[in-house]
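Please read the numbered points with the sequence and the model in view.

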Amino acid sequence: MGEFKVHRVRFFNYVPSGIRCVAYNNQSNRLAVSRTDGTVEIYNLSANYFQEKVGCEDGSVKLFQITPDKIQFERNFDRQKSRILSLSWHPSGTHIAAGSIDYISVFDVKSGSAVHKMIVDRQYMGVSKRKCIVWGVAFLSDGTIISVDSAGKVQFWDSATGTLVKSHLIANADVQSIAVADQEDSFVVGTAEGTVFHFQLVPVTSNSSEKQWVRTKPFQHHTHDVRTVAHSPTALISGGTDTHLVFRPLMEKVEVKNYDAALRKITFPHRCLISCSKKRQLLLFQFAHHLELWRLGSTVATGKNGDTLPLSKNADHLLHLKTKGPENIICSCISPCGSWIAYSTVSRFFLYRLNYEHDNISLKRVSKMPAFLRSALQILFSEDSTKLFVASNQGALHIVQLSGGSFKHLHAFQPQSGTVEAMCLLAVSPDGNWLAASGTSAGVHVYNVKQLKLHCTVPAYNFPVTAMAIAPNTNNLVIAHSDQQVFEYSIPDKQYTDWSRTVQKQGFHHLWLQRDTPITHISFHPKRPMHILLHDAYMFCIIDKSLPLPNDKTLLYNPFPPTNESDVIRRRTAHAFKISKIYKPLLFMDLLDERTLVAVERPLDDIIAQLPPPIKKKKFGT
């Protein structure tokens, strides 16, 4: 892999927001995730679970009519005395069940009137609680309403008569969420103890046509409250306070026992929250509502391979830049020279000029930004820091010239005809002549920056792009997709390179393809044109294109025999993939110079330490 001095950074104090709500769509096989900081994420489950795009409090239920061009309020339903905490439509659309404090209401949609009010039992372990909160309801086709509540119960109600049919006490704490399979033969609930329970509708006896709901499988994949659950045809999905999004496959529903059958935990976003100024050794960290600028520490010590060197100068926290208003930061970037910072929220774009004097730093905002730069999905500076590339949420790509403390709009590439998708990934060549842009489903478009025109479009591929970069000198575009395929495309020749064709003919190692976290960053060594550097959250890899690809009989993660073997044997067994799993979870890694790497890690224990304490379970005998 070669010897590098590595800055091992662990002061990015990032804590993912807890998960508040999830919703699964069977037609598109996508999952929407809402977090406690107000962000909404869309996961494409068909694309290797890739993250494609980073009620009322007044006691009433409101009905809205959705049309192609607007959302229109229609009416309030009968107002209740307490808050509405959960809702579920009957599949026919004629009735709605609403969970409140101490009762469940059934509304007639046409009239807006409550036709039933079912009082829930406050009893918990033989003791009457002060109140019982109905955290979730599910309305089935046969009129059954399933409720989950703060008394640890799952209850079944007859909506026609408004009576309780059956009750299950399943937890010593709140049952907070419920989701039902489309076939209504299975449902899943989550508890405040971090447990997920699976219920299935099974025959009463082996030859009986009569069926009953039975709790079949408990799962403990969370440390804290499971605030929300979803049920896909092949998996149970859960999320909550511990920030993990968990996919637990239903093995009886998975046809092929491959990596789709494995348990998945998604903790970190599938996009980069960190940018780097190599010239000034700076890192810009993106949080939900602020940015932090840090200068890396340094050392004058020397040592042998594997040694940890003491710092002669500690890392410096130079800047804390807080956003104005409640909107989250969508994207951010620092220029390679370290003199510019740009970031965008949902509705505003900000550009700042930085000045350095000894150990002091001053910041000046560029005012009077044009209206078309109202919001961006991705921001990128050119290598020489003279141009800023902005992918707007309307689909246009803007080129801005930077000079001194001012800017000038040079050009806007408009979306291709017939498309409205915005570009969410950008890559610019080191010479500044080429700009590559990719959306979640469209192909990769390559633009000639000098001539200000579309140069070519990379052939479409079925899986979205997770990372891409343009190599120096060759201007080869390296693209990583969510199914772990990596392509190399020659921009000057408008075709895949010979190496890329060889890779596709032979195929990647099966262990490489079975990785469940996407590649989020690609870079290149300035003095080694045959090397491609890339990483996901759990490995850093250098692909040496001069060496043969590993086949499935080769050890992917141990490419070299022991050092006491002869050079002939070492060369015979060496292959193109040099992989390190030392740094993890790895949020960012890049070359600062030809001998120095920076690696930003975020250990899970550090995140857990900042979460509220979980509910303590009483153990047997205590």
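Which strands each supply at least two residues of the lining of the largest cavity?

1. The strands in question are β25 (264-266) and β50 (586-593). Strands (E, at least two residues) and helices (H or I, at least four residues) are DSSP runs, numbered from the N terminus. This is a predicted model, in which local features need pLDDT of at least 70 and side-chain atom pairs count only at pLDDT 80 or more, while totals for chains, interfaces and linings use all residues. Residues are numbered from 1 along each chain as its sequence is written, and side-chain values use heavy atoms, with hydrogens and water left out.

2. The largest cavity has a volume of about 220 Å³. A cavity is a set of points on a 1 Å grid over the protein atoms alone where a 1.4 Å probe fits but cannot get out, and lining residues have an atom within 4 Å of a point. The volume is the space filled by probe spheres set on the points, which are joined across faces, edges and corners.

3. The lining of this cavity comprises 21 residues, and Phe-268, Pro-269, His-270, Ala-537 and Leu-587 lie nearest the centre. By class, 13 are nonpolar, five polar and three charged. Here Ala, Val, Leu, Ile, Met, Phe, Trp, Tyr, Cys and Pro count as nonpolar, Asp, Glu, Lys and Arg as charged, and the others, Gly among them, as polar.

4. Strand β16 (residues 153-158) is joined to β17 by six bridges, and Phe-156 has Lys-166 in β17 as its bridge partner.

5. Another open sheet of four antiparallel strands has the order β42-β43-β44-β45. Its edge strands, β42 (465-470) and β45 (495-496), each pair on one side only. Five bridges connect β43 (residues 476-481) with β44 (residues 486-490); Asn-476 has Ser-490 in β44 as its bridge partner.

6. Ala-47 belongs to the loop between β4 (40-44) and β5 (50-51). Is Ala-47 buried or exposed? Ala-47 is buried, with a relative accessible area of 2% (buried means under 20%, exposed over 50%, partly exposed in between, with a 1.4 Å probe and protein chains only). Leaving aside neighbours within four places in sequence, Ala-47 is in contact (heavy atoms within 4.5 Å) with Phe-463, Pro-464 and Ser-482.

Definitions and conventions. 1 Å grid on protein atoms, 1.4 Å probe; cavity = no way out; pocket = protein on both sides within 12 Å on 5 of 7 lines; lining within 4 Å. Pairing = 2+ DSSP bridges.
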